[in-house]
Amino acid sequence: MRDLEIRDDRAAGRLEAVSGGEVVGRIEYFVLDSPERALVPVHTIVEPAHEGQGIAGALARELYGIARREHSAVAPLCPYVAKWSERHPDEAPPADQALLTAAKDWLTEHPGRF
């Protein structure tokens with residue numbers, strides 16, 4: 001998708017893909033501070049009319065890019081991001097098991113967040 005813009009709405013916990021002024025996809029995430037700082041993607045959503053255009057992959061790539069620039073880890077709880085990271089190990093270092101456990105615990109403690 002040529003005119004795709006990806007923007008980080010950190011306050012809302014969304015990484016949004018925008019095309020033609022319309023949000024066509026997003027990753028919903030939160031920031032974990034302990035045991036280390038990490039971005040934790042929970043859901044990846046692409047609007048049905050825009051599926052199959054590489055939007056989810058572009059969002060995942062940018063999420064890892066943000067994490068790299070912020071010297072943060074990524075603890076993917078989102079199945080799509082987890083599979084994307086397995087296919088792109090050069091861009092997506094694996095998360096430590098303790099970090100994934102802490103992310104799952106945070107999600108359990110905040111049931112209404114996602």
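Two strands count as paired here if DSSP finds at least two bridges between them. Strands (E, at least two residues) and helices (H or I, at least four) are DSSP runs, numbered from the N terminus. With that settled, I looked up Gly 25 and found that its bridge partner in β4 is Val 46.

**Ground rules**

I am working on a predicted model, where local features need pLDDT of at least 70 and side-chain atom pairs count only at pLDDT 80 or more, while totals for chains, interfaces and linings use all residues. Residue numbers start from 1 along each chain as its sequence is written, and side-chain values use heavy atoms, with hydrogens and water left out.

**Sheet**

I traced an open sheet of five strands in the order β1-β2-β3-β4-β5, and its pairing is mixed. At the edges I have β1 (5-9) and β5 (73-74), each pairing on one side only.

I then went through the strand pairs. β1 and β2 run antiparallel and are joined by five bridges. In this pair, Glu 5 has Val 18 of β2 as its bridge partner, and Asp 8 stands opposite Leu 15 in β2. The two strands form a hairpin with four residues between them, and Gly 13 in the turn has a positive phi of about 70°.

β2 and β3 are also antiparallel, joined by six bridges. I noted Ala 17, whose bridge partner in β3 is Gly 25. This hairpin has two residues between the strands, and Gly 20 takes a positive phi near 60°.

β3 (residues 22-32) pairs with β4 (residues 38-46) in the antiparallel sense over eight bridges.

**Helices**

How do α1 and α2 pack? I get an angle of about 75° between α1 (residues 55-69) and α2 (residues 79-87), with their axes 10 Å apart. The axes are lines fitted to C-alpha atoms over the stretch in contact, and angles run from 0 to 180 degrees between N-to-C directions. That makes α1 roughly perpendicular to α2; the label covers 65 to 115 degrees, with under 35 roughly parallel, over 145 roughly antiparallel and the rest oblique.

For the contact (heavy atoms within 4.5 Å), I listed Ala 56, Gly 57, Ala 60, Arg 61, Leu 63 and Tyr 64 on α1, against Tyr 80, Val 81, Trp 84 and Ser 85 on α2. By class I have seven nonpolar, two polar and one charged residues. The classes put Ala, Val, Leu, Ile, Met, Phe, Trp, Tyr, Cys and Pro as nonpolar, Asp, Glu, Lys and Arg as charged, and the others, Gly among them, as polar.

**Salt bridges**

My search of the whole structure turned up eleven salt bridges, each a side-chain nitrogen of Lys or Arg within 4 Å of a carboxyl oxygen of Asp or Glu. Side chains of opposite charge can pair when their charged atoms come close.

I looked at Asp 9 and Arg 14, whose side chains meet at 3.6 Å, N to O. Asp 9 is partly exposed at 27% relative accessible area, and Arg 14 counts as partly exposed at 27% too.

What does Arg 26 bridge to? Its side chain meets Glu 28 at 3.0 Å, N to O, and it also forms a salt bridge with Glu 47, the closest N and O atoms being 4.0 Å apart. Arg 26 lies in β3 and Glu 47 in the loop between β4 and α1, so this pair ties together parts 21 residues apart in sequence. Glu 28 counts as buried at 17%, whereas Glu 47 is partly exposed at 29%.

I also logged a network of salt bridges linking Asp 8, Arg 10, Asp 33, Arg 37 and Glu 70.

**Arg 7**

I ended on Arg 7, in strand β1, which counts as partly exposed at 36% relative accessibility. Leaving out residues up to four places away in sequence, Arg 7 touches Arg 14, Leu 15, Glu 16, Val 18 and Val 23. Arg 7 and Pro 76 are 69 residues apart in sequence and 19 Å apart in space, C-alpha to C-alpha.

Methods
Buried means under 20% relative accessible area, exposed over 50%, partly exposed in between (1.4 Å probe, protein chains only).
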